[in-house]
Every structure is written in structure tokens, then in C-alpha cells.
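Hello,

Here is the structure I promised to pass on. Please have a look at it first, and then read my notes below.

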Amino acid sequence: MATITIGGNEISTSGTLPEIGSQEPDFKLKKADLSEASLNDYKGKRVILNIFPSVDTDVCATSVKNFNKRATELDNTAVLCISRDTPFAQKRFASDEGLENVVNLSDVIDGSFGKDYGLTMTSGPLAGFHSRAVVVLNEEGKVIYNEQVPEIADEPNYLAALKTLL
């Protein structure tokens, strides 16, 4: 279990992020068109998992836009933005913001991604949502970077995450 804060108040998550060097567990998430996506869909690519509570918060929106801007600089890399938002909300957000370089995926159906990755907040006002985190995988699906953002209102260090791929 990780301890993070919201506005300085401690909250807990359901576990901890997968460790550097570990094989990332597969997942099944919903795409904007309601089809299913899994980690296997990105086999052979480097993958950035940008995980956050909701696209409808300022910090989350900023982090998705920052990753979208930087994603064009990366070869053979998929940026997956994962939240518990509905696929409809994610599609609206991507359209409104002109996001073309990231893939929004929804864990709204059963929250299994958040549980499997130890990201579900178990206390506080956002209990049930994912905490803010970044996980970077190499082409073999092994973790080469992870960051559990300690204060939910802070943006992840996306530059540090991207440096692992440059």
C-alpha cells in the first residue's frame, strides 16, 4: 500500500506500483469506441502509462496535454492515458483538446486495472479513483520507470519518464 496526499491529507492506495525490472501485468480496458484494449496490443512498442483520477481535473488535463505534445518526439512508443472516466468523457476531452498522439483508455467497467496495479485510492474524497502515476515499459513489457506522484494535485515528472526513452 502506498501513502499519498490530497491537499496535504494522507490517503492510501490499494498497493504499490510494479517494480522496475518486473514484467507488467496485462490488462483489459475500454477504448473510446468501446472496443477492448490490452497491453498485448502494444507488444514490441515502448509504452508510457499515464494514470490519473479524471480528465475533468486541471492537473490531469495538463498532464495528458503534456504527454500528447511530447509523444510525437518518440519513436515506437505508445502513450496510454488511463482513468476511471467513461470512454465517452475521454472521447469528448480528446476532441475538445485536439489530442491525437495519446490513447485514452477507461477502467470504468470494474476498476480491475487500478486494483491489479495497486493504484486504487482506498480512502479520502477520491476513494475508488486511480492515484496519479506514470509507468514506462520497454519493448518487452518490462518496467523501466515508475512514479507514484506523492501529492495528487501535483503533475507527474513527465520529463523524467520521457528521458528513459530518449
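A residue is called buried under 20% relative accessible area, exposed over 50% and partly exposed in between, with a 1.4 Å probe and protein chains only.

Before the rest, a word on the source. This is a predicted model, so local features need pLDDT of at least 70 and side-chain atom pairs count only at pLDDT 80 or more, while totals for chains, interfaces and linings use all residues. Residues are numbered from 1 along each chain as its sequence is written, and side-chain values use heavy atoms, with hydrogens and water left out.

Now the overall fold. The protein chain has 4 helices and 9 strands, taken as DSSP runs numbered from the N terminus (helices: H or I, at least four residues; strands: E, at least two). Read from the N terminus, their order is β-β-β-β-β-α-β-α-β-α-β-β-α. The radius of gyration of the protein chain is 14 Å, close to the 15 Å from the globule rule for 166 residues, so the chain is as compact as a globular protein of that length. That radius is taken over C-alpha atoms, and the rule is 2.2 Å times the number of residues to the power 0.38. Along the principal axes, the C-alpha atoms fill a box of roughly 40 × 35 × 30 Å.

Contacts come next, meaning heavy atoms within 4.5 Å. Among those between residues at least 6 apart in sequence, 65% join residues at least 24 apart.

Rings of Phe, Tyr and Trp (its six-membered ring) pair if their centres lie within 6.5 Å; planes under 30 degrees apart count as stacked, over 60 as edge-to-face and the rest as tilted. The count by this rule is 3 aromatic pairs. One of them, F113 with Y117, is stacked, at 4.1 Å centre to centre and 25 degrees between the planes. F113 is buried because its relative accessible area is 1%, and Y117 counts as buried at 0% relative accessibility. Ring pairs also link F27, F113 and Y117 into a cluster.

Lastly, where does A153 sit? A153 is placed in the loop between β9 (143–148) and α4 (158–163). With 46% relative accessibility, A153 counts as partly exposed. A153 and D58 are 95 residues apart in sequence, and their C-alpha atoms are 8.9 Å apart in space.

Best wishes
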